[in-house]
Amino acid sequence: MVIAMQPTDSGAASANPSWVAVDMGALIHQCDAELAKHDAMLDRLTSGVAALEAEKQAVRSARQQVVLTREEALRVQEMLHSAARAGAALRSGQREGESSFKDVPDPDECKRTGACADEAADSSDAAATSAEEGSHTGKASTAFDASKLGPRGMLAMQIINSEPTLQWTGKLLAVRLEGQEVEADGKAHNRARTLMDDLAKKRLVAKLYSDDGRRCYFVAAAAMEAA
């Protein structure tokens, strides 16, 4: 810092322009030094804020990844539990359903004896009787079909029956079955729609159409019966 020489006479100092100019130069130099110090501090603070924001964003991203991983683990866990239940139901159905298989007569033997026509008639009568009984009871036919669905079909029915009145589409069911990542996957939507068509053939769900007939959707068969 430039130190101005102090004159002995204050009145003479105030009247001396050269001394005033030197003093103002010293003051300006002092202000410049303080401004530089403040600017350096502001730069450090700005850099620190930027670093904190970057660290904060990194933590947010890491947390979101953990959330997605947890949701996927829950979905896989539920699928495994459903598959285990479906496997137990399928195994139980195999033990109790030994009469599901029947001998088929040899075609050549049928031609010689004419027995096939009688057996076909008996089978038709039995099928008609079974269908009539199923229309009255409902529950028996549903249980029979459900035992043959497999893990994916059992899981689909569990999801649909959780919201039986919802208008289920291929896209909606695909997301519930396979996760949010298939929301734009047309193949996954087609797989889910094919699965619901198969469930509709088994009369576990009902296939309906919009008023203009351009869009189809599915609801649980129980919801239709309640309506």
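Modeller: One definition comes before the questions: a crossing is left-handed if the near helix is turned anticlockwise from the far one by less than a right angle, and right-handed if clockwise. Keep in mind that the model is predicted.

Biologist: What is the order of the elements of the chain from the N terminus on?

Modeller: The chain has 9 helices and 2 strands. From the N terminus on, the order is α-α-α-α-α-α-α-α-β-β-α.

Biologist: Which residues have the most contacts inside the largest nonpolar core?

Modeller: The largest nonpolar core has 21 residues. Helices α6 (150–162), α7 (170–178) and α8, together with strand β2 (216–220), each supply at least two residues of this core. Those with the most contacts inside the core are Ile160, Trp168, Leu173, Leu177 and Leu199.

Biologist: Which handedness does the crossing of α6 and α7 have?

Modeller: The two helices pack at an angle of about 115°, their axes 10 Å apart. Angles of 65 to 115 degrees count as roughly perpendicular, so α6 and α7 are roughly perpendicular to each other. By the definition above, the crossing of α6 and α7 is right-handed.

Biologist: How are α6 and α8 placed to each other, roughly parallel or roughly perpendicular?

Modeller: Arg152, Gly153, Ala156, Met157 and Ile160 in α6 meet Arg191, Ala192, Leu195, Met196 and Leu199 in α8. The residues of this contact divide into 7 nonpolar, 1 polar and 2 charged. The axes come within 11 Å and cross at roughly 85°. Helices α6 and α8 are therefore roughly perpendicular.

Biologist: Which residues does Leu199 touch, not counting residues up to four places away in sequence?

Modeller: Leu199 is one of the residues with the most contacts inside the largest nonpolar core, and Leu199 meets α6 from the α8 side. With that sequence limit, Leu199 touches Leu149, Ala156, Met157, Ile160, Leu204 and Val205.

Biologist: Does His189 count as buried or exposed?

Modeller: His189 lies in helix α8 (residues 186–201). Not counting residues up to four places away in sequence, His189 touches Gly170, Lys171, Ala174, Val182, Glu183 and Ala184. Buried means under 20% relative accessible area. At 12% relative accessibility, His189 therefore counts as buried.

Methods. Residues are numbered from 1 along each chain as its sequence is written. This is a predicted model: local features need pLDDT of at least 70, side-chain atom pairs count only at pLDDT 80 or more; totals for chains, interfaces and linings use all residues. Side-chain values use heavy atoms; hydrogens and water are left out. Helices (H or I, at least four residues) and strands (E, at least two) are DSSP runs, numbered from the N terminus. Buried means under 20% relative accessible area, exposed over 50%, partly exposed in between (1.4 Å probe, protein chains only). Contact means heavy atoms within 4.5 Å. A nonpolar core is a set of buried Ala, Val, Leu, Ile, Met, Phe, Trp, Tyr and Cys residues joined through side-chain atoms within 4.5 Å. Axes are lines fitted to C-alpha atoms, for helices over the stretch in contact, and angles run from 0 to 180 degrees between N-to-C directions. Angles under 35 degrees count as roughly parallel, over 145 as roughly antiparallel, 65 to 115 as roughly perpendicular and the rest as oblique. Ala, Val, Leu, Ile, Met, Phe, Trp, Tyr, Cys and Pro count as nonpolar, Asp, Glu, Lys and Arg as charged, and the others, Gly among them, as polar.
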